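Thanks for coming. Please take a look at it before I start.

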Amino acid sequence: MDFPDTIVALSSGRLPAGIAVIRISGKQTRFALETISGELPEPRLASYGALRAPAGAKIDSGLILFFPAPRSFTGEDCAEFQIHGGKAVVAAILAALTGIPGVRHAEAGEFTRRAFLNGKLDLTETEALADLISAETEAQRRLAVLNADGAQSNLYSGWRQRLIHARAMIEAELDFADELDVPGSVADIVWADMEKLLGEIREHISGFHRAEMIRDGYDVVIVGAPNAGKSSLLNALARRDAAIVSDEPGTTRDLVELALDLNGIKVRLTDTAGIREGAGKVEAIGIERARQRAESSDLVLLLIDATAEAPVLPVLVNPNVIHIETKADLVAGSLIGAKDISAVAGLGHIANARVISTEAADQPLLMVSSITGQGIDQLLGLLAERAKHAVGEAGDVLPSRLRHIELLRETAAHLESALVADGRGLELRADDLRLAADRLGRISGAVDVEDLLNVIFSQFCIGK
């Protein structure tokens, strides 16, 4: 596409910094390079020189890179200035560049938007690039790199081509049934492949929660009676004072959440209000929130005060519950029950931990102390193992956006309709295949998605 303006922005991190990178893209790039550096560098070769204001005063010295169209990130003429990362230096360079007619500051995501509109990226690769920029854990980075390299795009494109081919074959049978070079029973082969494709799409949709866990975190909620040690355990796992700890029952009345990086996977820990009967109005709201979070979480840590004579366990709907005994420092000795702790964590031998099998809990109890640290490392290892198992193998192609899921479900619905032989003519079933292909095309941007672009690119930072 031919854009009237040339855009410029700081593309590196927060200032001040050792080095700052300023990026420019558009038809005025060559003129800007000649104006600022005095010459047009050789394409894709770093050139060192002085950078000057249009009036001739030197601003700084640095490296200059020129990427002529169409072999650039945006598909336009692009350039980068690698300069010293002082605030005044960057401001002066940006002022000199935007002082050139036709050059302006870029908006958020505008470089990537131009790359998309010029066919350098499709929408799934664009979204993956945003994920890569915001990645905080190794699992997030791996998923983003996989999709940025086109794994999602190739999968959806392949499915769409199968749908287009199936529709073409069905319409060929309708229009050229009497021709010798068109097989007479092609529909049987087509519908068998479409049945297989529907299964593949359904299986892919089922992987969305895994992608959510990678992006948003494996959700672990800590519940238990008041003063069971929930906030103390949260602080011990985080190794900082993230929640208020007090001997007074009902201190925690709202959800307290923090994130951990366990072996490259984001794990979200949530401390909740102590669950008990007879709570006051405000505390009761916190207890209800605790129950709701526990029911929807990936894993519940149900804490039991080891010093309590007759602890009352709350009834939880979530089947993924691990029973943890707390306050090990107040209990004399330690012992191992009928089930070895290694069967719980999958971590081999674990010292200084107690496991008790009871009729009330079919899972062993790991004993911990937030004061001495007993069992804390083992619990972190257990959480890491559970998160790793839930996330699954690295390298799987997963639907990484709710937008993808909505369109994939619509694709599956149209495909299901096409597969139902309820007396409708082949032309109607072929149209269902067209609608299914259309929905797949919207995921990658092969079909008009203009209404989505502002939403997608608003997630990017300035300079990207």
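This is a predicted model: local features need pLDDT of at least 70, side-chain atom pairs count only at pLDDT 80 or more; totals for chains, interfaces and linings use all residues.

Residues are numbered from 1 along each chain as its sequence is written, and side-chain values use heavy atoms, with hydrogens and water left out.

Some background: most residues other than glycine have a negative phi, and most peptide bonds are trans.

Start with the peptide bonds. Leu15 and Pro16 are joined by a cis bond, with omega about -5°. Pro16 sits in the loop between strand E1 (6-10) and strand E2 (17-25). Helices (H or I, at least four residues) and strands (E, at least two) are DSSP runs, numbered from the N terminus.

Another cis bond links Ala69 to Pro70, and its omega is about 0°. Pro70 is found in the loop that runs between strand E4 (58-67) and strand E5 (78-85).

Now the phi angles. Asn227 is not a glycine, yet its phi is positive, about 65°. Where is Asn227? In the loop between strand E7 (218-224) and helix H9 (230-238). Asn227 is partly exposed, at 31% relative accessibility. Buried means under 20% relative accessible area, exposed over 50%, and partly exposed in between, with a 1.4 Å probe and protein chains only.

Lys327, also a residue other than glycine, has a positive phi near 65°. Its loop lies between strand E11 (321-326) and helix H11 (342-345). With a relative accessible area of 24%, Lys327 counts as partly exposed.
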